[in-house]
Amino acid sequence: MRISVQWLQEWLQIDETPEQLGHRLTMAGLELDAMEAAAPAFSGVRVGHVVAVEPHPDADRLRVCRVEAGEAEPLTIVCGAPNVHEGMRAPVAVVGAVLPGDFRIKRSKLRGVPSEGMLCSARELGLADDAEGLMSLPATLEAGQDLREALGLDDTILEVDLTPNRADCLGMRGIARECSALLDRPLHAPAMPGVDVANDARVSVVIENPEACPLYAARVLEGLDAKAATPLWMTERLRRAGVRPLSAIVDVTNYVMLELGQPLHAFDADRTGAPIQVRQGKQGETLTLLGGDQTVKLSPQDLVIAGDDVPLALAGVMGGAASAVDASTTRVILECAHFAPRALAGRARAHGLHTDASHRFERGVDPTLVPQAMERATQLLLELCGGQCGPVEQVGETPASHAEQAIVLRPDRVQRLLGVTLEASEVERILEALDCRIETSESGWSVRAPRARFDLEREEDLIEELARVHGYDALPQTLPKPVAPVTPESGLRSLRNGLARQGFHEVISFSFIAREAASAFYPDVEPLALANPISSDLAVMRPGLWSGLVTTAAYNQARQQSDLRLFEHGLRFVPDASGLRQEPRLAGLLGGRVAPEAWEGEAKKVDFFDAKGTVEGLCERVAGALGFRAERHPALHDGQSARVLVDGQPIGWVGRLHPALCERFDVEPVYLFDLDATAVVQAPVAQFSPLSPYPSIRRDLALVVAESVAAGDVLAAIDELGLEILQDVRLFDVYQGKGLNPDEKSLALGLILRAFDRTLGEQDVAGVTDAVVQHLQARFNATLRQ
């Protein structure tokens with residue numbers, strides 16, 4: 001929203017500088033994006049009155065003009081503009097003037113005739129991108145008056161980035177009300193007199209979908225002069241708001257939209273059929289939009305305005321070319337309606353459009369504005385274009401609103417959430433300035449929100465308004481008092497902090513990804529497609545977190561940052577027969593070197609076991625036995641991928657990214673893991689185990705097994721024995737080579753034995769080692785290495 005400070009001053013007194021006003025708006029949640037002058041810097045430009053125009057003696061396209069510019073005598077100026085004529089008022093840059101671009105005006109001769117200045121177009125003054133001739137000024141301006149002063153060009157434009165919930169500020173009235181509350185100044189709305197109905201010209205209206213369009217108003221205006229010039233004050237306000245002036249009729253509808261926040265549209269009444277219908281589009285229908293360079297295919301999801309069952313406009317978005325007003329228009333049907341946000345959500349984007357009207361209707365427009373905007377637009381049209389108006393045909397009703405429900409606001413709740421006690425008078429002042437209706441109650445206040453504030457639904461919303469207007473920077477900075485004793489870190493926060501201490505950096509990526517990325521990493525999952533994606537790169541909900549991590553890794557590696565430790569916690573979205581599963585996951589990526597480059601040895605690259613070790617650390621406290629099983633995953637390297645198990649149940653994956661995906665996403669080899677965050681976080685409470693007063697005994701075994709036997713399976717098999725005095729088993733060496741067959745390997749195991757009631761003897765140790773060897777021999781055909 002672009003705000004002209006001068007226009008805003010028509011609604012309330014502004015004593016602050018533009019910088020101070022912008023800061024106040026930002027601190028209230030209306031973030032200032034940019035601040036710029038309403039016009040480029042120029043000087044020495046005055047209002048000129050052309051008193052005589054004569055042909056140039058030596059050039060057919062030039063004219064010699066006599067221009068009054070506040071000097072003792074009229075200036076002689078040579079001009080080539082096609083629209084220059086006697087009696088017109090236009091900007092004149094006198095000798096010594098400086099135009100935008102540091103263009104200085106000097107005395108000169110054009111084809112032998114002296115010229116004492118320059119008559120200017122709007123483009124030459126930086127007030128328009130193009131111009132067909134001189135900028136025509138109102139005849140009421142005094143010749144010789146400084147142009148900046150005459151047009152109020154010493155104005156500042158504040159460009160404010162509004163959040164979707166603040167659609168009430170998409171008009172000067174809403175911005176003015178906000179500033180009135182923030183600055184504690186009375187609001188003075190400009191006079192908007194009603195109009196007298198001069199004839200009985202009517203239009204019939206039929207609403208076929210009252211849920212999408214609960215209220216529609218239309219009025220016929222006849223005898224209009226469509227060629228009437230839009231006054232300079234209006235074109236300037238439109239220009240400063242970022243809207244290009246087109247014609248008087250269109251400019252009035254745009255002006256009222258900017259003033260009140262209610263979009264309107266004008267149809268050429270002679271090009272529309274009867275009755276006016278508000279209905280859903282039909283399959284196969286088309287509509288050529290304003291300008292005539294785009295035709296859209298309508299669908300039953302589109303809400304349209306039709307005349308005699310022929311589409312005239314895409315409701316709440318854009319009108320059609322067939323019913324557009326032009327220079328020959330004398331009769332118009334002025335439309336002012338309320339469209340439900342849900343009915344229009346995404347429809348403009350579905351046709352590749354985004355208009356000022358759709359921007360407002362999608363966020364919500366106050367339905368009570370319809371009669372006021374209709375009267376205001378009618379008044380301005382009659383003033384500028386003449387003519388007469390018929391009665392307003394209003395069909396439907398103002399829809400019900402949350403504003404009819406009272407919200408209880410309690411002083412103690414305000415104090416608890418804000419940490420400050422606000423005086424009752426201050427609370428009432430703020431809420432009344434925001435157009436809320438207030439009644440005092442036993443518990444505090446009973447508050448009804450204004451219709452324009454769709455975001456005020458509960459007590460916390462009102463407290464947020466109090467904080468905004470009172471000033472976030474005016475709230476005290478105090479630490480909350482603990483209501484429970486401080487406890488050690490637990491759960492997910494503990495895991496995230498642990499990863500950070502290991503050098504991992506947390507990544508936060510979009511939940512939306514490209515369909516191609518989803519199929520690359522998870523080809524077996526059909527992702528949920530978005531109905532209205534922001535772009536093709538964000539078209540589906542992610543079935544997992546790896547695509548975001550790999551994209552981040554590629555971005556960093558392209559900038560010479562190859563030593564990576566990344567992790568992300570978030571949801572994955574998996575459609576199934578019952579609907580959509582949203583599963584919390586904890587995923588990570590490792591790449592580059594294990595440790596920074598140093599002089600004492602060659603840097604070791606990250607490998608599968610580094611990733612596996614990270615997973616083991618994260619799963620150290622899971623409720624069950626952790627295991628790994630070699631399995632293939634379509635996104636992982638064959639032979640370097642494993643399923644992560646807890647008590648035999650899968651909770652995730654770990655492995656190396658498949659070379660094909662490395663090439664496709666332009667990333668160097670990296671290792672990934674993905675875990676069920678719920679299974680990892682829900683660890684059992686640590687229990688105390690008594691310490692044995694007796695010494696432990698260690699026995700080492702070297703077992704020869706087939707090369708295909710996983711060491712983890714061997715350790716799990718030993719654990720299955722449930723030997724009471726076997727406290728721990730440690731794998732401390734794996735050997736392949738001389739003395740063994742090529743398809744064999746040797747596993748060196750350390751058995752740690754300890755009893756709680758006695759010192760172990762040789763017989764105890766032999767019994768355990770024999771049981772282990774016999775069990776492994778039966779299970780894996782293992783033999784003791786000689």
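## Cysteines and disulfides

A disulfide is a pair of cysteine sulfur atoms within 2.5 Å. Such a pair is joined by a covalent bond between the two sulfurs. The model described here is predicted, and the structure holds zero disulfides.

Cys120 shows how the cut-off applies. The cysteine sulfur closest to that of Cys120 belongs to Cys79 and is 9.3 Å away, so the two are too far apart for a bond. Cys120 is buried, with a relative accessible area of 0%. Cys179 is in no disulfide either: the nearest cysteine sulfur, in Cys169, lies 8.2 Å away. Cys179 also counts as buried, at 1% relative accessibility.

Strand β3 covers residues 43–56 and strand β4 covers residues 59–68; they pair in the antiparallel sense over seven bridges. The two strands form a hairpin with two residues between them.

Strand β4 also pairs with strand β5 (residues 75–79), again in the antiparallel sense, over five bridges. This hairpin has six residues between its strands, and Gly70 in the turn has a positive phi of about 85°.

Arg63 in β4 can be followed across both pairings. Arg63 is the bridge partner of Pro55, and in β5 the bridge partner of Arg63 is Cys79.

## Nonpolar cores

The largest nonpolar core has 108 residues, and Leu8, Tyr216, Phe339 and Leu409 touch the most other members. Helix α10 (residues 369–385) supplies the largest share of this core, with nine residues. Apart from this core lies another, of 24 residues, which includes Phe567, Cys619, Tyr671 and Ala677.

Tyr216 can be looked at in detail. Leaving aside residues up to four places away in sequence, Tyr216 touches a set of residues that includes Val205, Ile207, Phe267, Ile276, Val278 and Ile305. Glu335, Cys336, Ala337, Glu393, Gln394 and Val395 are also among the contacts of Tyr216.

Is Ser358 buried or exposed? Ser358 has a relative accessible area of 2%. The limit for a buried residue is under 20%, so Ser358 is buried.

Ser358 is found in helix α9, which spans residues 356–363. Residues up to four places away in sequence are again not counted here; beyond them, Ser358 touches Gly316, Val317 and Ala348.

Key:
Residues are numbered from 1 along each chain as its sequence is written. This is a predicted model: local features need pLDDT of at least 70, side-chain atom pairs count only at pLDDT 80 or more; totals for chains, interfaces and linings use all residues. Side-chain values use heavy atoms; hydrogens and water are left out. Helices (H or I, at least four residues) and strands (E, at least two) are DSSP runs, numbered from the N terminus. Buried means under 20% relative accessible area, exposed over 50%, partly exposed in between (1.4 Å probe, protein chains only). Contact means heavy atoms within 4.5 Å. Two strands pair if DSSP finds at least two bridges between them. A nonpolar core is a set of buried Ala, Val, Leu, Ile, Met, Phe, Trp, Tyr and Cys residues joined through side-chain atoms within 4.5 Å.
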